[in-house]
Structures are given as structure tokens and as C-alpha cells.
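Colleague: I am new to this structure. Please show me how to read its main features.
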Amino acid sequence: MKTRKPMVAGNWKMNKTPTEARDLIRGLLPELKDVEAVDVVVCPPFVCLGVASVELAGSKIALGAQNLHWQASGAYTGEISAGMLKELCQYVIIGHSERRAMFGETDESVNKKVLAALAAGLKPIVCVGETFDENQAGKTAEVVGRMVWEGLKNLDAEQAALIVVAYEPVWAIGTGLAATPEGANSVHKDVIRPILREMFGAEVGDGMRILYGGSVTAANAAELFAQSDIDGGLIGGASLKVESFTAIVKAAL
Ligand code: PGA
């Protein structure tokens, strides 16, 4: 029996205008209005957060951003702070592999962002995952382990309890090639979970949710979510349509 409440979060990436975001949310709301047993989160682009927060007010669907800057304010042209997001969202994705690969994010910047998000009262969804080459070289545990240790350092147990970890093997993102349920579960259970227990104590470590992300679809979600340590999913492509996202949320019930 799983005691952790499942979560399904949609990472819309750089998709949807504010108008399109409003329409997608209006499509999701009636489909998901009775879902209580899964925490549902949508993470649209920054410019859609205002309209999304209005549309989602009073609903059970939570709102998240896809990034933030660790400084509270100041001369950082083009950046968005945790305090700005806090007026609109509850969650923020941090350290997605696309940000690590294309925008120079490091374990160090991830950690600063995690601390800034927590200080502002946002709940971080922290992404970790190995590349194809690292996977083939047998380095998954080493790479993923380092990302967890470094990304979540200097947090106390109370803060850690608010963190959601997303294991997203880079080779599975947007490729249609999801990890096998057993393969992903073994990273969650044998690599990430023991580190969380070591860092924050057994009780907090066992309570933290570890999502799987990377080519989750309506067809493979149920089998992934049935694994002992896969506590839901971070969904990219399939979160952009009402039907597929709804089906994935329901697979977590
Ligand atoms: P995907 O993306 O579901 O399109 O593979 C997942 C993610 O990058 O969060």
C-alpha cells in the first residue's frame, strides 16, 4: 500500500499562448473536478500564469512555474523571482534537463533556486536524470545521486518534506522511449529514496514523492504508476491535450 499521495504535473514547456492556456485549462477543469486522490499541477509558461491562476481559482488543480531566479529582486533583466511567482503559483519546476543542457544550469544553481523557492513558500519539483551516454556507461546511480545530494543540500527535514523529486532520464524525454516501469522504479527505490532517507531521515525520506518523467503517455502511465516508488509523473508532450492529460491523471487514481 502506498502512503504517498500521487501527483501528476504537466510541464507545458514553451507551448501555449495565454489564450490557448485558458482554453486548455477550461477543458481540463470539468474532466478533473472530482479527482481528489491525485495532486494535479499544471506548469504553463510565465506569461500564462496570470490567466491560469484566475481560471484555476477555487479548483483542485494547482499551478506551477517552470523556472525562477534565486535573487529576490533587482537588476536581472528577463528573470522572475520566487516572490513574484508566489502570488500566482504553489509549485515551481527546478533543474529540468533542458535548462541544465541549454541554459547552463548546474547543481549549484539548482540548489540556490530550491532554497529561494522554499524561502518564498513555493514547493519545488526538482528534476534529476542521466543522459543516454551516462546511462550506457553505467553511471546512472552516480549522476542521479550527485544531483539529489547537491540539489537538495542545506535543507532541513521540514523543508525537504515540501520537495517533490522528478526522475527524468534525458534519453526518455520527448523521445517516445519511456524507461521501463521496473527500470525507473529501481532508480527511485534503490538510488533516490535511500539518499533522501540518509539526508532527511527515514520518515521524511519515505514520505517524499518521486515522480517519473519521460515519454509518459495515456498508454504507459498506469503500469509506471503501479510501481512501489513511482509516485506519479511529470508529463511533457501529453500534458498539452485535455484527453491525454486527463487519462494520465486518472491512471494515478
Ligand atoms: P515528455 O517530457 O513527457 O514530453 O517526454 C517530460 C518532461 O520533460 O518533463
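Colleague: What volume does the largest pocket have?

Modeller: Rolling a probe the size of a water molecule over the atoms shows where empty space is left. Here, the largest pocket has a volume of about 360 Å³. A pocket is an open set of points on a 1 Å grid over the protein atoms alone, where a 1.4 Å probe fits, with protein on both sides within 12 Å along at least five of seven lines. The volume is the space filled by probe spheres set on the points, which are joined across faces, edges and corners. Remember that this is a predicted model: local features need pLDDT of at least 70, side-chain atom pairs count only at pLDDT 80 or more, and totals for chains, interfaces and linings use all residues. Residues are numbered from 1 along each chain as its sequence is written, and side-chain values use heavy atoms, leaving out hydrogens and water.

Colleague: Which residues lie nearest the centre of the largest pocket?

Modeller: Lining residues have an atom within 4 Å of a point. There are 14 here, and Lys13, Met14, Gln66, Arg99 and Phe103 lie nearest the centre. Helix α4, residues 97-102, gives the most to the lining, with three residues. Helices (H or I, at least four residues) and strands (E, at least two) are DSSP runs, numbered from the N terminus. Lys13 itself lies in the loop between β1 and α1. Its phi is near 55°, a positive value in a residue other than glycine.

Colleague: Which strands pair with β6?

Modeller: Two strands pair if DSSP finds at least two bridges between them. β5 (residues 123-128) pairs with β6 in the parallel sense over four bridges. Four bridges also join β6 to β7 (residues 209-213), again parallel. Ile125 stands opposite Val164 in β6. Tyr167 has Tyr212 in β7 as its bridge partner.

Colleague: Are the β6 residues buried or exposed?

Modeller: Buried means under 20% relative accessible area, exposed over 50%, and partly exposed in between (1.4 Å probe, protein chains only). Val164 and Ala166 point one way from β6, Val165 and Tyr167 the other, and all are buried.

Colleague: Which residues touch the most other members of the largest nonpolar core?

Modeller: A nonpolar core is a set of buried Ala, Val, Leu, Ile, Met, Phe, Trp, Tyr and Cys residues joined through side-chain atoms within 4.5 Å. The largest has 66 residues, and Leu152 and Ile192 touch the most other members. Helix α9 (residues 181-200) supplies the largest share of this core, seven residues. Apart from this core lies another, of 13 residues, among them Ala9, Val164, Leu211 and Leu234.
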